[in-house]
Amino acid sequence: MDYDVAIVGGGAAGLMCAITAGQRGHRVLLLEHAERVGKKILMSGGGRCNFTNLHVAPQNYLSANPHFCKSALARYTPWDFIAMVERHGIAYHEKELGQLFCDVSSKQILQMLLDECATAGVRIVLNCEAERIEQAANGFALRTGIGPFSVRSLVIATGGLSIPKMGATGFGYELARQFGHNVLPTRAGLVPLTLSGTHLDHYADLSGLTVPIESHCNGAHFKAGLLFTHRGLSGPALLQISSYWQPGDDLRLDLLPEQSAADVLIEQQRVRPAIELKTALAELLPKRLAQRLCELGFGNLPLRQYRAAQLQTIGEQLQAWPVTASGTEGYRTAEVTLGGVDTNELSSSTMESRRIPGLYFIGEVVDVTGWLGGFNFQWAWASGYAAGQAVK
Ligand SMILES: Cc1cc2nc3c(=O)[nH]c(=O)nc-3n(C[C@H](O)[C@H](O)[C@H](O)COP(=O)(O)OP(=O)(O)OC[C@H]3O[C@@H](n4cnc5c(N)ncnc54)[C@H](O)[C@@H]3O)c2cc1C
């Protein structure tokens, strides 16, 4: 049987596109090379799927063209996805900062998408690779593990390179190049940073410690938790800033984002001149970190022995603590892949290629990457919906 639309990749974007195209009466074939669809949905949000964010805005996305995501995000909003979640009776809650999670399990989100696919008549084929794809007279000819197909529209929804053991491949990028598209350099995003040498020696034994901080790099800043690991640094504030960081970039941590460290220390010197610096710092920061910072250069004298200018400098250092990361943990643990199919050659309202009519790219394979907090799924839903509305 021939189909109108073939979608390669059964992740969040592919499933949403299949539902939307199927609901419009198209015969939709979805090919997934893994043994099941939606693996990242299942593992997301610690098993509860942070499926969207109430405060989605174009500013929450990184892309060489920051305007590209606007149209799709405006036409399929978090409220559209929430309406589907509510129609399926899935209980959810806002954790913080607009992040919506399932009360029970991410399995419910996947089941909802599969039920919608079934209602829309989508055919899903698992364990199936698209081996060769070529342009044909009236669309595309596909050679697949289950035989040849011809389709009018072809949607590439194969995601990025993160977590190869979950089925990630570079197929979408290769196909884009095959059809003459530019692919912007890819790298791991939302990923822990690694330290090495003395930089690691300074912090490795703090592994497990968490501190509320504000991370700063290349004009971006995120107030959230920092986690020391035995390989380096993680936690939401670090994961977020990792998407803005590249080796050699100036990365700073404000270890006391809610107050002026210098003011606090100078006041402490006035009222408690005999206490040691490490005691004063331990009232502001976890004790082990306070001690380590003193060992690394502040010294540990009674406060009265510091000049005001020295306390001022210590305060300023605490609010712009430099981090020399050696790299990232890479695609093995990254939540997303930055870069990808260049948006300059795609229509922002339909995701269709400007080079090859009938060819669409959606989701993470495109050079649009969201912050941590439900933004990446919202991009997958919105771009999948945009293409699903447009396919012929
Ligand atoms: C651990 C983890 C947790 C996350 N948690 C969240 C979260 O809570 N909230 C959030 O917004 N985002 C989260 N993300 C990011 C989010 O999962 C992705 O941005 C999103 O899944 C991208 O959707 P996609 O459909 O574009 O790609 P994917 O979901 O990666 O789907 C791509 C699909 O294509 C298939 N595929 C690949 N190559 C081929 C091929 N050659 N032939 C056929 N099929 C192929 C893959 O097997 C996969 O099923 C998380 C990511 C990870 C890794």
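Trainee: How many salt bridges does the rule find across the interface of domain 1 and domain 2?

Mentor: It finds 0 there, where a salt bridge puts a side-chain nitrogen of Lys or Arg within 4 Å of a carboxyl oxygen of Asp or Glu. This is a predicted model, so local features need pLDDT of at least 70 and side-chain atom pairs pLDDT 80 or more, while totals for chains, interfaces and linings use all residues. Residues are numbered from 1 along each chain as its sequence is written, and side-chain values use heavy atoms, without hydrogens or water.

Trainee: And how many residue pairs are in polar contact across that interface?

Mentor: The rule gives 4, with both residues at pLDDT 80 or more. A polar contact is a pair of N or O atoms within 3.5 Å; within protein, one must be able to donate a hydrogen and the other to accept it, and sequence neighbours count only if both atoms are side-chain atoms.

Trainee: What area is buried between domain 1 and domain 2?

Mentor: Interface size is often quoted as the accessible area lost when the parts come together. Here it's about 740 Å², with 53% from carbon and sulfur atoms (1.4 Å probe, summed over both parts). Arg187, Trp371 and Leu372 supply 61% of what domain 1 buries against domain 2, more than any other three residues.

Trainee: Where does the domain assignment put domain 1 and domain 2?

Mentor: Domain 1 is 3-188 + 334-390, and domain 2 is 193-328; such bounds come from an automatic or database assignment. Over C-alpha atoms, their centres are 39 Å apart. Domain 1 brings 6 residues to the contact and domain 2 brings 10 (heavy atoms within 4.5 Å).

Terms used: Buried area = accessible area lost by both parts, 1.4 Å probe.
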